[in-house]
Every structure is written in structure tokens, then in C-alpha cells.
Amino acid sequence: MLFRPAAQTVPERTVRMMAALFWQFLFYSFSGFLLEVAYARLSRTAKQDRKCHLLLPVCPVYGIGGLLLGLLPGSVTTSPFLLFLMGAAVCTAAEWGMSLFYEKAARTAFWDYSALPWNLGGRVCLLFSFAWGLLALPVTYVIQPHLSRWSSGVPSGITLFAALLYLADAAFSLYLLRRGGTDSLLWYRRVPGFRLFSAHRAYH
């Protein structure tokens, strides 16, 4: 009789599912950071620093938005039009929630849409809701299927280490934000030579 591995118990399946969701959250948070940096450079916005954590280059609002997209039912995801509408809705809700969290818990704000038309309290606006809806299409149809397979195969030891690192960074970042605002996360500006490098890059 061939050896058959024992079936996973409900707690084991739950742990593996939570681990996969963590890696998906981290992936979308890092991808969002890269997207924010690219947008800041291309649009030449005054606020070039886009990090929300002290150490890790992540924007958690993208991670939450990505997870919410993964929770949409098949009746929505099979229709590009419905996916666009619902993707815009759930990601806008994530943006609103994170803006409120940063304001109340961290006493700061990473974005403000007050200068844009059709905004709601400066937290969300119609233009970026439209962008969220567009992003939902490649995320759901192209990225998520591959990401789901990859995130399910990460060894538990690596996941545990990464989760502890993320939680420690998030907690300390929140502490610094409450004390000194977003500038408290920009430790690299104090590194010798950073100002010279920034001035050279701005000149060119």
C-alpha cells in the first residue's frame, strides 16, 4: 500500500490560508509602494517619499485593497464591468478606512485629495476610484491566479519570520508617526551623502 500523507486538519488549513493571505497582502503593499513612487516621479509631485513604514517599503492600503478584491464572488469577477464597479467600490472603501485609521491612530495623513474634484473629505475622490476600478482588472485576471499559487507554497518558517518583522515594523512605525508625523519615517535623509544625491537627481 502506498504511503499517503495525512489530510490537513481544519486548524492547519486555516493557518496555511492565513499565511497565503499575508504574503498576498505583502505583495500588493510592496507593489503599491512601487506604483506610488512611479506616480510621484512622473507627476513630479512635491511629496516624493511614499513609504508608510519605517523600514519596509510598503503601502498597506494597497495590500488591503488587493485582499478585498480576492473576496469578490465569482458572479462579480466573471464580468469585467461588474469587476470594475465593485473593484472601485471596495478599494475606495479600503482607502477611506486607512485614511481614517492613520488620522485617528497615527495622528497623520499620507494623502489628501481636497484639491481634486469630487472628493469626500479629502480621503477619497472619484478620479482615484476610477483608477482603482481599472487596476482591479489586471489584478484579478492576471496577477491573483499566479500569486495564489505562489503564496500557498512559502515555507512556514519564512512566513513566521516575515510576519514578525512586519508586525514589529508596523508597531514601531505607528509609535513614531504619533510622535513626529510622517517625517519621522524618513531616517534615510539623515544618511551622509543623501542630500547631495537628492540635489544631483533633482538638477538632472
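Q: Where in the chain is Arg-107 placed?
A: Arg-107 sits in the loop between H4 and strand E1 (119-120). Helices (H or I, at least four residues) and strands (E, at least two) are DSSP runs, numbered from the N terminus. This is a predicted model: local features need pLDDT of at least 70, side-chain atom pairs count only at pLDDT 80 or more, and totals for chains, interfaces and linings use all residues. Residues are numbered from 1 along each chain as its sequence is written, and side-chain values use heavy atoms, with hydrogens and water left out.

Q: Why is Arg-107 called exposed?
A: Its relative accessible area is 57%. Exposed means over 50%, buried under 20%, partly exposed in between (1.4 Å probe, protein chains only). Arg-107 therefore counts as exposed.

Q: What makes the phi of Arg-107 worth a note?
A: Phi is positive, about 60°, although Arg-107 is not a glycine. Most residues other than glycine have a negative phi.

Q: Which value makes Trp-118 exposed?
A: Trp-118 has a relative accessible area of 72%, so it too passes the cut-off for exposed. Trp-118 is also in the loop between H4 and E1. Its phi is near 55°, again positive in a residue other than glycine.

Q: What describes the packing of H2 and H4?
A: Two packed helices are described by the angle between their axes and the distance between the axes. For H2 (residues 60-70) and H4 (residues 80-105), the axes come within 9 Å and cross at roughly 145°. Axes are lines fitted to C-alpha atoms, for helices over the stretch in contact; angles run from 0 to 180 degrees between N-to-C directions.

Q: How do you know that H2 and H4 meet?
A: Contact means heavy atoms within 4.5 Å. Residues in H2, including Ile-64, Leu-68 and Leu-69, meet residues in H4, including Val-90, Met-98 and Tyr-102. The residues of this contact divide into 10 nonpolar, 2 polar and 1 charged. Ala, Val, Leu, Ile, Met, Phe, Trp, Tyr, Cys and Pro count as nonpolar, Asp, Glu, Lys and Arg as charged, the others, Gly among them, as polar.

Q: What are the values for H4 and H5?
A: Their axes come within 7 Å and cross at roughly 115°. H4 residues, among them Phe-84 and Gly-87, meet H5 residues such as Trp-132 and Leu-137. This contact divides into 11 nonpolar, 5 polar and 1 charged.

Q: What makes a set of 27 residues a nonpolar core?
A: A nonpolar core is a set of buried Ala, Val, Leu, Ile, Met, Phe, Trp, Tyr and Cys residues joined through side-chain atoms within 4.5 Å. The largest such set here has 27 residues. Leu-69, Leu-72, Tyr-102, Phe-110, Trp-111 and Leu-185 have the most contacts inside it. H4 gives the most to this core, with 5 residues. Leaving aside neighbours within four places in sequence, Leu-72 is in contact with Thr-77, Leu-83, Met-86, Gly-87 and Val-90. A second, separate core of 9 residues includes Phe-25, Leu-26, Val-58 and Val-154.

Q: Why should residues 1-6 not be read in detail?
A: pLDDT is the predictor's confidence in each residue, from 0 to 100. Where pLDDT is low, the predicted coordinates should not be read in detail. The chain averages a pLDDT of 87, and 84% of the residues score at least 70.
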